[in-house]
Each structure stands twice: as C-alpha cells, then as structure tokens.
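I opened this model to go through its fold. My notes follow in the order I looked things up.

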Amino acid sequence: DFLRMSDRKISNGLVRTIYSKRDFIKSWTDTLEIVNVPIIGLVPAAVHVFDSITSIIIEESTFLIDIEATQTTLLIGSNLAELHSQKLPFGYSLYLTDNLKESSKNYFERALNSVKLIIQETNQKLPQNIFVMGQGLDKLLNTEFSLPEGFQSISDLNLSNYSYQPKTMQIHETVSKTIENNICALVSILS
C-alpha cells in the first residue's frame, strides 16, 4: 500500500495500516533465524484476501471470516477504506465431532450469531454473503456438506487463476482430507 500511495494520482488516498504486538513479530523472526530461513516479511493473509474480495465485490460493507483452530478472525470493512477486525474466541477445533454435518452447522450458527452481535453495536446490516477462508474451512466441510446460506467460500470467487485437481496429481494430501481453501488463500495473496 505504501508504494501504491506514492503514486501522485492517488497520493491523497488512504493507506491501510496493521498493528501487531512487537513481541509476536519478534518471536516469528527469531524462529525463522534459528532455522536459517531468510526473512522476507510477515503478513496476515486475511487482509490481502479481503482486499482481493473488495476489488471485485462492491457492497457497503464486506465481511470475511478466517477460520483457525482455536480462534476465528472477523474482518469488516470496504474497498481500500476502513477495516476492523475482531477475534472470536472459538475456532473449528471446538466443533469437530464424528458428525461433520452437525459440527459445521453448529460452528456456522455460532459464527453468524457473533457477527450479528458485533454489527448490532454499529448499526450495520448483514451483507448478502459472509466470505469464509482458512484452514478450518477445509476441516468443517466435505463433498457432502456445503456452506450454509449466507456464507460463501473465497474459492468460489475465483480471485486468481490457478488449477488444483488433487485426483489427477501424483501426490495426494495425507495430513488432511483437503487443502483446497488454504491453496486458494495463498494464491490470492501471491497474485
């Protein structure tokens, strides 16, 4: 954003700024130095994906949920303007059971209720879709169960041009059932 804002044509625009605790960043950079990995930068993925979404979806407010194991991050904002984030104190791991359909239903009901409580305080209205990403999305869905109404995966938006066809690849995922949503988020950032 800094380089983009140095362009004279848009120099009066907004620059998105992200704040983080210095100790968190230092712990990451220290770990990368210990394992002898060059440090390029540490960037929260959801913010870049959010910008990709708002460049093609025009709504008054856009909502993006990043599902992690122990927490969920909710981003609310608009195209290259104000962006707020909320950490919700639950992730996919709290909801995983033998019944994936019930697990997913419970997770997304709680996520939707949390979103409604947050926007009630700011008098915003619920958008047509709440966009969803993160490693938890792969854990909560399968081919038999899709996202509930009102939620849309970022992979459905085709934010970037890539091909991921696991059944035709020589090497298949072994750790998880799928990594499609993680790949989609990474490709969106890199593009």
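**Entry 1: overall layout**

I read the elements of the protein chain from the N terminus on as α-α-α-β-β-β-α-β-α-β-α. That comes to 6 helices and 5 strands. Helices (H or I, at least four residues) and strands (E, at least two) are DSSP runs, numbered from the N terminus. The model is predicted, and I kept in mind that local features need pLDDT of at least 70, that side-chain atom pairs count only at pLDDT 80 or more, and that totals for chains, interfaces and linings use all residues. Residues are numbered from 1 along each chain as its sequence is written, and side-chain values use heavy atoms, with hydrogens and water left out.

I then looked up the totals. Of the 191 residues of the protein chain, 35% count as buried. Buried means under 20% relative accessible area, exposed over 50%, and partly exposed in between (1.4 Å probe, protein chains only). The accessible surface of the chain comes to about 12,900 Å², and 53% of that belongs to carbon and sulfur atoms. The areas come from the Shrake-Rupley method with a 1.4 Å probe; for residues, only the protein chains shown count as cover. Among contacts between residues at least 6 apart in sequence, 55% join residues at least 24 apart. Contact here means heavy atoms within 4.5 Å.

**Entry 2: the sheet**

In what order do the 5 strands lie in the sheet? I found β3-β2-β1-β4-β5, an open sheet with mixed pairing. The edge strands are β3 (83–88) and β5 (151–153), and each pairs on one side only. The twist averages 25° from one strand to the next. Two strands pair if DSSP finds at least two bridges between them. Axes are lines fitted to C-alpha atoms, for helices over the stretch in contact, and angles run from 0 to 180 degrees between N-to-C directions.

I went through the pairs. β1 and β2 pair in the antiparallel sense over 6 bridges. They form a hairpin with 4 residues between them. L64 stands opposite L75 in β2. L75 also has a bridge partner in β3, namely S85. β2 and β3 are antiparallel, over 6 bridges. β4 (residues 130–133) and β5 run parallel, joined by 3 bridges. There V132 stands opposite S153 in β5.

Next I checked the cover on β2. I counted 6 of its 6 residues as buried. T72, L74 and I76 are buried on one side, and T73, L75 and G77 on the other.

**Entry 3: helix α4 and the cores**

Helix α4 (residues 100–122) lies across β1, β2 (72–77), β3, β4 and β5. It runs at about 135° to β1.

Which residues have the most contacts inside the largest nonpolar core? I noted I65, I67, Y107 and F108, in a core of 23 residues. β1, β2, α4, β4 and α5 (135–140) each supply at least two residues of this core. α4 gives the most, with 6 residues. A nonpolar core is a set of buried Ala, Val, Leu, Ile, Met, Phe, Trp, Tyr and Cys residues joined through side-chain atoms within 4.5 Å.

Leaving aside neighbours within four places in sequence, F108 is in contact with I67, V132, L137, L140, L141, L147, P148 and F151. A second, separate core has 11 residues, including I53, L64, M133 and L159.

**Entry 4: two residues up close**

T62 lies in strand β1 (residues 62–67). Is T62 buried or exposed? Its relative accessible area is 0%, so I logged T62 as buried. Beyond neighbours within four places in sequence, T62 is in contact with F50, I53, T54, I57, L75, I76, G77 and F131.

I found Y92 in the loop between β3 and α4. Y92 counts as buried because its relative accessible area is 10%. With neighbours within four places in sequence left aside, its contacts are I67, E68, A69, Y107, Q135, G136, K139 and L140. Y92 and G134 are 42 residues apart in sequence and 10.0 Å apart in space, C-alpha to C-alpha.
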